[in-house]
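Student: Can you walk me through this one? I'd like to start with a loop and then look at the packing.
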Amino acid sequence: MIPKKDFKMEVLKWADIVGVKPKEIHIRGMKKKLASCSSKGRLTFSYALLNEDYETRSKVIVHELLHLRYPTHNKMFKVMLRAHLSKGRII
């Protein structure tokens, strides 16, 4: 399990790579999903994600960060998601 503080640092490192700045980062219990992104720039991640491996966390983090730039799952969103995740580990 990754500590909340370290997880938030992971999100901020990815945000720097993706080129976005989330307004808020929250971690809370979520019943049906691992994360969400509000139209106001607030990212919310499930506590369950703290128990996942680095690759799974990265996929969810990058996915939500890209929604700050691309609200829908359009072609550019998918291209950018693949491009960022192909870079590998950031830490």
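Tutor: First a term: helices here are DSSP runs of H or I with at least four residues, numbered from the N terminus. Also note that this is a predicted model.

Student: Ok. Where is His-67 found?
Tutor: His-67 sits in the loop between α2 (54–66) and α3 (75–85).

Student: Buried or exposed, that His-67?
Tutor: His-67 has a relative accessible area of 14%, and buried means under 20%, so His-67 counts as buried.

Student: What does His-67 touch?
Tutor: Leaving aside residues up to four places away in sequence, His-67 touches Cys-37, Thr-72, His-73 and Phe-77. A polar atom of the His-67 side chain also lies 3.2 Å from the backbone oxygen of Pro-71.

Student: Switching to the two helices. At what angle do the axes of α2 and α3 cross?
Tutor: Roughly 140°, and the axes come within 10 Å. That makes α2 oblique to α3. The crossing is right-handed.

Student: Which residues make the contact?
Tutor: From α2, Ser-58, Lys-59, Val-62, His-63 and Leu-66; from α3, Phe-77, Met-80, Leu-81, His-84 and Leu-85.

Student: And the core. How many residues are in the largest nonpolar core?
Tutor: It has 23 residues. Phe-7, Val-11, Phe-45, Ile-61, Leu-65 and Leu-66 have the most contacts inside it.

Student: Which element gives the most to this core?
Tutor: α2, with six residues. At least two residues each come from α1 (4–18), β1 (24–28), β3 (42–46), α2 and α3.

Student: What about Phe-45, what does Phe-45 touch?
Tutor: Not counting residues up to four places away in sequence, its contacts include Phe-7, Val-11, Ile-25, Leu-34, Val-60 and Ile-61.

Notes: Residues are numbered from 1 along each chain as its sequence is written. This is a predicted model: local features need pLDDT of at least 70, side-chain atom pairs count only at pLDDT 80 or more; totals for chains, interfaces and linings use all residues. Side-chain values use heavy atoms; hydrogens and water are left out. Buried means under 20% relative accessible area, exposed over 50%, partly exposed in between (1.4 Å probe, protein chains only). A polar contact is a pair of N or O atoms within 3.5 Å; within protein, one must be able to donate a hydrogen and the other to accept it, and residues adjacent in sequence count only if both atoms are side-chain atoms. Contact means heavy atoms within 4.5 Å. A nonpolar core is a set of buried Ala, Val, Leu, Ile, Met, Phe, Trp, Tyr and Cys residues joined through side-chain atoms within 4.5 Å. Axes are lines fitted to C-alpha atoms, for helices over the stretch in contact, and angles run from 0 to 180 degrees between N-to-C directions. Angles under 35 degrees count as roughly parallel, over 145 as roughly antiparallel, 65 to 115 as roughly perpendicular and the rest as oblique. A crossing is left-handed if the near helix is turned anticlockwise from the far one by less than a right angle, and right-handed if clockwise.
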